[in-house]
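Here is my note on the model shown below. Please keep the structure open while you read the points.

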Amino acid sequence: MDLKKLEEFILEVGAENIPLGMLTITNNSAAGQPVSMDNIRQTAEIYHSFGIPFFLDACRFSENAWFIKIRDPKYANTPVKDIVLEMCSYADGCTMSAKKDAIVNIGGFIAFRDPELKQKIAQNLIVHEGFLTYGGLSGRDLEAIAVGMHEAVDEDYLNYREAHTRYLGQVLTEAGLPVYMPTGGHAVYVDGGKALPHIPHSQFPAVALGNALYLAGGVRTVEIGSLMFEHVDPQTGEPVYAPLELLRFAIPRRVYTRSHLDYIGESAAICMKEAQAIRGLRVKWAPPVLRHFMAQLEEV
Ligand SMILES: Cc1ncc(COP(=O)(O)O)c(C=O)c1O
């Protein structure tokens with residue numbers, strides 16, 4: 001979190017207009033980079049100084065904690081479990097999509113420090129999802145989440161996962177793709193704009209690269225660039241594109257072997273050989289919100 005910008009934003013918008021502040025760990029749209037403990041604490045302090053509750057989007061909590069352990073010398077000897085507890089100690093609550101670091105197929109939860117707030121949300125849950133002990137999930141799914149939360153802080157597993165992701169970064173670099181370094185915890189991000197410099201931002205180079213990869217090897221990726229973030233400048237009426245046209249190679253937990261990652265590298269090398277032939281795209285149809293999930297595109 002850019003602390004200066006955060007403070008300026010709160011002053012501009014007015015604290016009374018901000019129901020809560022949320023920090024996503026790790027940062028999905030910044031190439032999966034972790035948030036340091038100091039930054040989590042300072043972000044919490046700013047929100048709290050304005051009386052705004054502070055929540056974590058904790059879906060990659062254990063990967064964030066692992067990065068704190070291996071990158072911040074102050075935490076080198078602290079167990080990941082304790083790092084997680086300290087991260088959470090600064091927050092008033094968190095949301096958790098358990099499909100990520102709880103290593104399950106489905107489900108999630110929301111947690112609160114304030115019992116009164118929890119009561120209010122629990123009542124709402126009954127109306128929209130189901131009773132608060134299951135919230136629309138089966139008992140089996142809830143038990144899997146509980147087990148997954150414990151397994152996610154196993155340091156051998158975290159060490160392996162980070163190394164596995166780093167290996168994909170190496171494989172893709174060797175295949176000629178410009179990989180954002182250092183690699184993230186859950187994914188490798190490639191700069192699609194740099195990979196295909198003949199395609200401008202307005203023609204979504206990262207989406208074009210993703211499509212080429214799918215055709216070359218059935219490799220599925222997702223764009224985190226201008227298809228996701230393009231917007232119109234309210235002052236000039238001109239389009240504003242994403243600063244980086246990233247393509248994310250997210251790695252499912254405990255699914256792929258090194259051979260799978262090598263195969264992804266081979267598919268990437270095939271694409272890069274024919275890179276000049278990859279064409280830009282234009283939007284044929286898009287829904288009014290979150291267009292990247294359902295938009296239909298065609299080649300220019
Ligand atoms: C950081 C982050 N938070 C929340 C979500 C939403 O998760 P769900 O699909 O379980 O609603 C996602 C989904 O990819 C995510 O990456």
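1. Start with Glu-63 and Arg-161. They form a salt bridge, with their closest N and O atoms 2.5 Å apart. (A salt bridge is a side-chain nitrogen of Lys or Arg within 4 Å of a carboxyl oxygen of Asp or Glu.) Glu-63 sits in helix α3 (residues 61–71) and Arg-161 in helix α7 (residues 155–174), so the pair ties together parts that are 98 residues apart in sequence. Helices (H or I, at least four residues) and strands (E, at least two) are DSSP runs, numbered from the N terminus.

2. Are these two residues buried or exposed? Glu-63 is buried, at 4% relative accessible area. Arg-161 is buried too, at 4%. Buried means under 20% relative accessible area, exposed means over 50%, and partly exposed lies in between, using a 1.4 Å probe and protein chains only.

3. A word on the source. This is a predicted model, in which local features need pLDDT of at least 70 and side-chain atom pairs count only at pLDDT 80 or more, while totals for chains, interfaces and linings use all residues. Residues are numbered from 1 along each chain as its sequence is written, and side-chain values use heavy atoms, leaving out hydrogens and water.

4. Helix α7 holds another pair. Glu-162 and Arg-166 meet in a salt bridge, 3.0 Å from N to O. They are four residues apart in α7, so about one helical turn separates them. Glu-162 is buried, at 10% relative accessibility. Arg-166 is partly exposed, at 45%.

5. Now look at helix α2 (residues 37–49). Its residues Glu-45 and Arg-41 are four apart, which means about one helical turn lies between them. Their side chains form a salt bridge of 3.6 Å, N to O. Glu-45 is partly exposed, with a relative accessible area of 45%. Arg-41 is also partly exposed, at 26%.

6. How many salt bridges does the structure hold? The count is 15.

7. Turn to the ligand. Around it stand Thr-24, Asn-28, Asp-57, Cys-59, Arg-60, Ser-97, Lys-99 and Lys-100. (A residue is near a molecule if one of its heavy atoms lies within 4 Å of it.) By class, this shell has one nonpolar, three polar and four charged residues. Here Ala, Val, Leu, Ile, Met, Phe, Trp, Tyr, Cys and Pro count as nonpolar, Asp, Glu, Lys and Arg as charged, and the others, Gly among them, as polar.

8. Asp-57 places one 2.6 Å from a ligand nitrogen. An N or O atom in the Ser-97 side chain is 2.6 Å from a ligand oxygen. Taken alone, the ligand exposes 390 Å², and the protein buries 56% of that. These areas come from the Shrake-Rupley method with a 1.4 Å probe.

9. Check helix α5 (residues 115–128). At 1.5 Å a residue, its 14 residues should span 20 Å, and its end C-alpha atoms are 20 Å apart, which agrees. The expected span is 1.5 Å times one less than the number of residues. At the start of α5, a side-chain oxygen of Asp-114 reaches to within 2.9 Å of the backbone nitrogen of Glu-116. After α5 comes Gly-130, with a positive phi near 150°.

10. Last, find Pro-178. This residue lies in the loop between α7 and β5 (187–191). Pro-178 is partly exposed, at 23% relative accessible area. Pro-178 and Val-190 are twelve residues apart along the chain, yet their C-alpha atoms are separated by 5.6 Å.

Note on methods. A polar contact is a pair of N or O atoms within 3.5 Å; within protein, one must be able to donate a hydrogen and the other to accept it, and residues adjacent in sequence count only if both atoms are side-chain atoms.
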